[in-house]
Amino acid sequence: MIAAAGKVARTRTRGNGLFWCGVGYLVLLVLFAIFGPSLKHPYDVTVGAPFLPPSGQFWLGTDEIGRDIFSRLAYGARLSLLIGVVVQVIAVAVGILVGVLSVFGPKWVSIPLQRFTDGMFAFPDLLLAIMIVGVFSMGVGPVILGLAVGAWPPVARLVKNQVASLKDREFVTASRAMGASTFYLVIRHILPHLWGVLLAVMMVDVAATILAESTLSFLGIGVQPPEPSWGQMIQVGNLNKNSYPLLLLWPCLILSLTIFALNFVGDGLRAMADPKKSGTH
Amino acid sequence: MADSSTSSVRTSSGDRATKLTGRAILLRLLYSLFSLIFISFITFMADEIAPGDAATIRAGDKVTAEQVQRIRREMGLDRPWPVRYVEFMGNAARLDFGVSAVGIQEPINKRLAATIPVTMRIAVLAILLASIVGITLGTIAAIRENRAADRAILSLSTLGVTIPNYVLLPVLVYLFAVQWDQLPATWQPDGRRVAGDIYYLIIPVVVLSLRPMATLTRLMRASMVETLGQEYVRLAVAKGVPRIQLYFKHCLRNAIIPVLTAIGTSFGYLLTGSFVVENAYTIPGIGRETITAITQRDTPMILAATLVTGAMFVAVNLIVDLLLPLIDPRIRESQV
């Protein structure tokens with residue numbers, strides 16, 4: 001599937017520089033997250049004087065208590081990518097289940113499910129995640145839970161609409177006439193049409209999740225120290241911006257670039273999945 | 001001529017339209033009520049599922065299981081959850097959220113009353129700014145489609161959607177407060193302000209409005225581009241309607257409708273955005289209060305703040321939906 005997607009990508013995005021810039025950046029970021037920490041010092045130990053400028057020993061300088069910023073950024077990348085991907089995998093899994101059930105399920109399942117999904121939209125943006133982190137506790141686990149609970153309803157709605165529009169297409173009716181079960185229909189004929197759209201949506205939503213995670217960490221209610229996260233580093237940088245603006249610059253830079261890259265890749269994938277709609281988003 | 005005929009149709013069906021709108025308003029109110037009940041239910045259930053309850057918090061660490069059990073009975077927490085949910089909802093409907101679990105156990109509604117107006121003032125100013133600028137820029141971009149102005153506005157709006165509040169706010173404070181010393185670097189209580197109110201509002205309002213502004217700009221552009229391609233617009237051009245009149249009289253009113261709906265949704269981003277801005281700019285609003293409550297594990301306060309923030313979101317969406325039929329007669333008549 002990936003090889004096929006790559007081939008389609010090459011033919012449809014020729015000349016789409018931003019898409020390939022985004023892909024390149026993300027590959028570098030993943031390498032940075034995997035190997036970055038082992039290049040340098042451990043992330044939670046003081047290794048130098050506070051607020052050292054960038055040097056040969058500390059590539060990006062040191063933070064407020066003398067930890068190496070480079071390796072903290074790398075650990076932050078690890079955590080951001082992990083949370084972003086895990087949350088989205090949960091959201092897409094739940095979204096597909098709910099979306100398919102609210103089309104093909106029996107009435108006593110589908111109607112309550114649809115109302116429940118609609119109801120979830122009554123919560124503005126991050127509020128649900130903030131509340132869940134509030135009543136459970138802070139840290140990586142509750143953050144993933146809180147963000148996943150807020151992330152599945154849009155996916156479910158998207159899947160529901162797509163499935164509903166595919167349901168009455170001729171190839172589905174033909175397959176049903178030949179005696180296919182609903183389960184087989186969904187797996188074999190309907191879901192394969194959704195992967196492209198879902199992959200595109202997932203890229204953009206991973207960006208949204210990473211942003212949400214760093215928002216929570218910035219507010220001090222997400223990932224807890226000493227585990228480093230970009231949001232936390234921005235918070236510390238914000239407190240020290242008058243005396244040492246570089247501390248604020250690095251995490252802001254890597255976060256913004258990551259968000260841009262994911263959005264470019266998502267837009268590119270969307271254009272591939274649905275050439276008609278490219279450019280409207 | 002076309003104008004006079006449509007207006008005559010409108011007046012003849014006006015009576016029927018008002019009647020239908022009455023019923024539509026009722027349905028919309030019921031829907032909002034359902035949303036509020038849903039929010040309260042999810043909030044209550046999250047607290048139920050979470051480990052620990054009000055009794056363990058009040059009891060502290062150094063008590064036996066029996067003592068916790070006794071406190072739980074005294075607080076009525078041993079009753080089944082549906083009973084307690086109805087009680088919780090009834091109290092919330094009377095704006096009684098109990099007392100804070102920490103400190104001097106202040107009544108929560110007193111703290112809400114002190115913080116909500118601060119948040120609302122900034123949020124309303126921000127959404128107004130976002131709407132006005134977003135609609136203007138979106139219209140300009142659509143009129144100049146694919147020209148330099150359009151490209152510039154689109155790139156700026158991409159920036160606006162992707163740059164988070166907590167990156168923009170420190171940057172603006174660093175530039176305008178630290179480097180150029182033109183605006184205050186933090187909020188000050190009323191008594192200690194050195195200049196007018198407006199100086200303290202500029203940075204938070206601008207930061208908060210940026211993301212909704214960018215979203216609304218993109219939406220307005222898309223909607224206006226679509227409207228400009230419609231048959232009736234081409235007819236108007238062929239008839240020789242002056243450009244200005246074409247844009248503002250014939251197109252704007254049609255193109256603006258999806259944008260108005262989106263203002264309600266954008267308000268949600270704005271409310272949670274104010275959590276960030278209030279904390280980073282030390283504004284004593286509901287967002288800052290909530291985060292303080294979370295770090296102090298003050299569960300009743302967290303639940304109340306969630307309910308109230310959710311209710312504000314529901315209310316704004318309701319207001320937008322009730323205002324829409326005033327602009328679009330088709331909605332007036334389709335709401336059967």
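1. Arg157(A) and Asp118(A) form a salt bridge, with the closest N and O atoms 3.0 Å apart; the term denotes a side-chain nitrogen of Lys or Arg within 4 Å of a carboxyl oxygen of Asp or Glu. Arg157(A) belongs to helix 6 of chain A and Asp118(A) to helix 4 (residues 107-120) of chain A, so the pair ties together parts that are 39 residues apart in sequence. Helices here are DSSP runs (H or I, at least four residues), numbered from the N terminus. Over all chains, the count by this rule is 8 salt bridges.

2. The model is predicted, local features need pLDDT of at least 70, side-chain atom pairs count only at pLDDT 80 or more, and totals for chains, interfaces and linings use all residues. Residues are numbered from 1 along each chain as its sequence is written, chains are lettered from A in the order in which they are written, and side-chain values use heavy atoms, without hydrogens and water.

3. Helix 5 (residues 127-135) of chain A packs against helix 6 (residues 140-167) of chain A at an angle of about 145 degrees, with the axes 8 Å apart. The axes are lines fitted to C-alpha atoms over the stretch in contact, and angles run from 0 to 180 degrees between N-to-C directions. On the helix 5 side, the contact (heavy atoms within 4.5 Å) is made by Leu128(A), Ala129(A), Ile132(A) and Val133(A); residues from helix 6 of chain A include Pro142(A), Leu145(A) and Val149(A). The residues of this contact divide into 9 nonpolar, 2 polar and no charged, where Ala, Val, Leu, Ile, Met, Phe, Trp, Tyr, Cys and Pro count as nonpolar, Asp, Glu, Lys and Arg as charged, and the others, Gly among them, as polar.

4. Between chain B and chain A, about 3,500 Å² is buried, 79% of it on carbon and sulfur atoms; buried area is the accessible area (1.4 Å probe) that two parts lose on being put together, summed over both. In chain B, Phe38(B), Thr162(B) and Tyr166(B) lose the most area to chain A, together 18% of what that side buries. The contact takes 42 residues from chain B and 39 residues from chain A.

5. The count between chain B and chain A is 0 salt bridges. On the side of chain B that touches chain A, helix 1 of chain B gives the largest share, 9 residues. That side divides into 26 nonpolar, 13 polar and 3 charged residues.

Terms used: Helices (H or I, at least four residues) and strands (E, at least two) are DSSP runs, numbered from the N terminus.
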